[in-house]
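Please examine the sequence and the model shown below.

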Amino acid sequence: MTFISNNSINYLQFSIPDVAKISEITKDVFWIRMPLQFKLDHINLWLLRDKINNQPGWTLIDTGLFNQNNKIIWKLIIEKYFFGLKLQRVICTHMHPDHIGLANWFCKGLDDNRWNAELWMSHSEFFNGKTYSLEGKLSSHHENNSRGLFTLNFFYSHGCNIKTNKIKIDERSNYYSSMVPDFPISFHKISDKQQIKIGKSKWKIITGAGHSPEHVSLYNNKENLLISGDMVLPSITSHIGVFPDEPNGNPLEEFLTSLNKFKLLPKNTFVLPSHGQPFEGIMARIKQLENHHQKRMQEILSNCKNKKTAYELIPKIFSKKLDNHQFFFALCKIIAHLNYGWHMKKLRRFEQQGIIKFETVI
Ligand SMILES: [Zn+2]
């Protein structure tokens with residue numbers, strides 16, 4: 001085994017699976033990569049050998065985005081690597097479209113009902129995802145699109161010029177349901193600290209908040225393997241944002257608190273993340289993530305000596321030109337830091353004529 005060292009993080013040199021190929025991690029765990037059409041251009045998915053009621057089959061962890069191209073890729077993988085065995089369950093780490101997009105298609109047995117697989121998810125992730133998916137569909141039938149107006153008001157309150165950005169914001173309001181048009185009808189609930197058996201192995205559920213409401217990671221003690229989902233990523237930071245649904249939320253606090261759970265794992269835990277490459281060095285990575293958020297908080301505090309809106313902070317914090325997708329992610333991220341500072345009483349929050357500004361407490 002060879003490692004590529006990046007500070008204190010070691011990437012184990014597994015070959016990155018090509019499109020429609022799989023790469024073996026252990027004899028029961030396989031790595032699949034699906035394309036994403038964003039700047040972040042891929043998601044890692046994990047296929048595990050399973051056996052339920054004495055029937056051998058497969059469990060899939062996360063699905064990739066809902067689109068025709070991915071369905072074609074999946075059919076090639078199933079043809080080549082499933083050896084005629086059925087998919088028995090789909091576990092979704094969380095409700096984001098790249099993780100759950102194809103869950104319904106998988107659960108109902110693709111286009112020809114070839115199997116019936118259960119969806120396993122945490123309670124909050126299932127109902128949040130289902131609500132977003134349905135809400136988008138319902139509001140798109142109304143002329144007075146309430147979700148659209150609500151989203152518009154939220155971004156307006158954070159200083160966004162809604163006249164120049166209206167089209168951009170409208171695009172965002174039904175974004176989730178356009179990406180997840182098809183949501184499974186029922187699920188099997190999994191919860192924190194629960195042990196689940198997949199094939200011969202036991203996996204412990206570790207839930208985390210902040211990136212999404214009740215994100216599920218899975219830890220296999222015997223193999224010392226962690227399927228971390230989006231909670232701990234090696235080369236990018238997980239998106240932590242405040243969204244219109246919970247404008248006063250403090251997801252950054254939730255995320256940092258959740259990271260503490262991962263500090264209880266062995267130092268040499270081998271991490272299988274949803275983006276980037278499998279790595280070792282989880283403690284060092286958590287430290288880097290904590291430092292990143294600390295540094296960002298300091299930048300925001302020094303920029304808010306005079307009252308600022310979240311919108312005004314974007315060019316001060318992000319020097320690169322942002323596309324529409326990145327712009328809204330950046331805005332929600334900044335609001336997460338502002339709310340974090342506000343809840344910690346390091347920032348004061350003012351609201352005047354519907355516009356929210358923050359000022360550093362000296
Ligand atoms: Zn995510």
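Helices (H or I, at least four residues) and strands (E, at least two) are DSSP runs, numbered from the N terminus. The model is predicted, so local features need pLDDT of at least 70 and side-chain atom pairs count only at pLDDT 80 or more, whereas totals for chains, interfaces and linings use all residues. Residues are numbered from 1 along each chain as its sequence is written, and side-chain values use heavy atoms, with hydrogens and water left out.

Donors are N, O and S atoms within 2.8 Å of the metal (3.2 Å for Na, K and Ca); water is not among the atoms, so sites may look incomplete. Here the zinc ion is coordinated by His94 through NE2, His96 through ND1, His211 through NE2 and Asp230 through OD, at 2.1 to 2.2 Å. Along the chain, these donors follow the spacing H-x1-H-x114-H-x18-D.

Why is the arrangement irregular? Four donors count as tetrahedral if all angles lie between 85 and 135 degrees; four count as square planar and six as octahedral if opposite donors are over 155 degrees apart and all others between 65 and 115; anything else is irregular. The four donor atoms around the zinc ion subtend angles of 89 to 175°, and the arrangement is therefore irregular.

His94 is buried because its relative accessibility is 0%, and His211 is buried because its value is 10%.

Not counting residues up to four places away in sequence, His239 is in contact (heavy atoms within 4.5 Å) with Gly210, His211, Phe329, Cys332 and Lys333.

Lys333 also takes part in the meeting of two helices. The axes, which are lines fitted to C-alpha atoms over the stretch in contact, with angles from 0 to 180 degrees between N-to-C directions, come within 10 Å for H9 (residues 282–303) and H11 (residues 324–343) and cross at roughly 80°. H9 is therefore roughly perpendicular to H11; angles under 35 degrees count as roughly parallel, over 145 as roughly antiparallel, 65 to 115 as roughly perpendicular and the rest as oblique. From H9, His293, Arg296, Met297 and Ile300 meet Lys333, Ile334, His337, Leu338, Tyr340 and Gly341 in H11. Phe328 also lies in helix H11 and is buried at 1% relative accessibility.

Most residues other than glycine have a negative phi. Ala20, however, has a positive phi of about 65°; this residue is found between strands S2 (9–12) and S3 (22–24). Asn53 has a positive phi of about 50° and lies in the loop between strand S5 (42–52) and strand S6 (55–61). Ala20 is buried at 14% relative accessibility, whereas Asn53 is exposed at 73%.

Finally, Gln277 lies in the loop between strand S14 (270–273) and strand S15 (279–280). Its relative accessible area of 25% makes Gln277 partly exposed.

Key: Buried < 20%, exposed > 50% of the residue type's maximum accessible area, 1.4 Å probe, protein only.
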